[in-house]
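Dear colleague,

Please find below the structure that I am handing over to you, together with its sequence.

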Amino acid sequence: MPAIRALIFDFDGTILDTETAWYEAFREAYLEHEVELTLEMYGQCIGTSLHVFDPYEYLITELKLPLDRNAFRDNVHGRHSEKMAHEGIRPGILAYLTAAKELGLRIGLASSSKRAWIETYLAQLGIGDYFETIRTAEDVALVKPHPELYQLALKDLGVQPDEAIAIEDSPNGARAAAAAGMHYIVVPNPVTKFLSFDGEPRTVGTLEELSLKALLEAVLQK
């Protein structure tokens, strides 16, 4: 079994729980029009693009409601911003970043979101310098669950897939890591914990429940 040389983190929902705020913002906006946005529906777009389910367009294109697209988008974004004002880095993330540095592991980030979005939050959290490479939606033709984001990050870090662990929160992200041939651990948030994951991935409620050293030992013993 090759030694683990790198960690590659997802961003939304993994490092910072932006996902719960998005779901709550959309759900509240839908309820204003007497439509229930189920987690099953919304879960289709978590960790990937909006090509399968677009929550901005669904009420207009599928339910034929006479909404102003821009006004609806502004409504959702305003709600999301209010909710995110109270969010901080997810438990255990900073400890993992610090421990990885101390162990000499390479650290990367692979996200289906846009670079400007990610870099804004990384700056606010003060953790941007931990990442040697950041790969985003602008870098690939296909985002997660396609493995290309992880493949690029692995190449940037100079490691093989079986030498890296992905830290993920969503089924689409886990599928991408698996398709790239990586080890991975799932740290679901209050939204993604209700979604269905392929197989039986290694899962913890937060990274505080499992130290990086313990994770490395568990992966090598698998």
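The notes below describe what was found in this structure, which is a predicted model.

I begin with the sheet. Six strands make up an open sheet, with parallel pairing and the order β3-β2-β1-β4-β5-β6. Its edge strands are β3 (133–135) and β6, each of which pairs on one side only.

Strand β1 has β2 and β4 as its neighbours in that order. With β2, β1 pairs in the parallel sense over four bridges, and with β4 the pairing is likewise parallel, over four bridges. Phenylalanine 9 illustrates both pairings: its bridge partner in β2 is leucine 109, while in β4 its partner is isoleucine 167. Alanine 6 also has a bridge partner in β4, namely alanine 164. Both faces of β1 are covered, with Ala6 and Ile8 buried on one side and Leu7 and Phe9 buried on the other.

Next comes helix α9, which spans residues 212–221. Which of its residues are buried? They are Leu212, Leu215, Leu216 and Val219. These four lie on the same side of α9, because they cover an arc of only 100 degrees around the axis.

Serine 113 is found in the loop between β2 (106–110) and α6 (115–125). With what does the side chain of serine 113 make a polar contact? The partner is the side chain of aspartate 12, at 2.4 Å. Leaving aside residues up to four places away in sequence, serine 113 touches Asp12, Ile118, Thr136, Ala137 and Glu138.

The largest cavity holds about 40 Å³ of space. Its lining consists of Thr14, Arg90, Pro91, Ile93, Ile167, Val187, Thr206 and Leu207. Isoleucine 167, one of these lining residues, is also the β4 bridge partner of phenylalanine 9.

Finally, some points of backbone geometry deserve a look. Most residues other than glycine have a negative phi, and most peptide bonds are trans.

- The peptide bond from lysine 144 to proline 145 is cis, with omega near 15 degrees. Proline 145 sits in the loop between β3 and α7 (148–157).
- Glutamate 34, although not a glycine, has a positive phi of about 60 degrees. This residue is in the loop between α1 (18–31) and α2 (39–42), and glutamate 34 counts as exposed because its relative accessibility is 76%, where the cut-off for exposed is over 50%.
- Lysine 64 has a positive phi near 60 degrees and is likewise a residue other than glycine. Its place is in the loop between α3 (58–61) and α4 (69–84), and lysine 64 is exposed, with a relative accessible area of 64%.

With kind regards

Conventions. Residues are numbered from 1 along each chain as its sequence is written. This is a predicted model: local features need pLDDT of at least 70, side-chain atom pairs count only at pLDDT 80 or more; totals for chains, interfaces and linings use all residues. Side-chain values use heavy atoms; hydrogens and water are left out. Buried means under 20% relative accessible area, exposed over 50%, partly exposed in between (1.4 Å probe, protein chains only). Helices (H or I, at least four residues) and strands (E, at least two) are DSSP runs, numbered from the N terminus. The arc is that of the directions from the helix axis to the C-beta atoms. A polar contact is a pair of N or O atoms within 3.5 Å; within protein, one must be able to donate a hydrogen and the other to accept it, and residues adjacent in sequence count only if both atoms are side-chain atoms. Contact means heavy atoms within 4.5 Å. Two strands pair if DSSP finds at least two bridges between them. On a 1 Å grid over the protein atoms alone, a cavity is a set of points where a 1.4 Å probe fits but cannot get out, and a pocket is an open set with protein on both sides within 12 Å along at least five of seven lines; lining residues have an atom within 4 Å of a point. Grid points are joined across faces, edges and corners, and a volume is the space filled by probe spheres set on the points.
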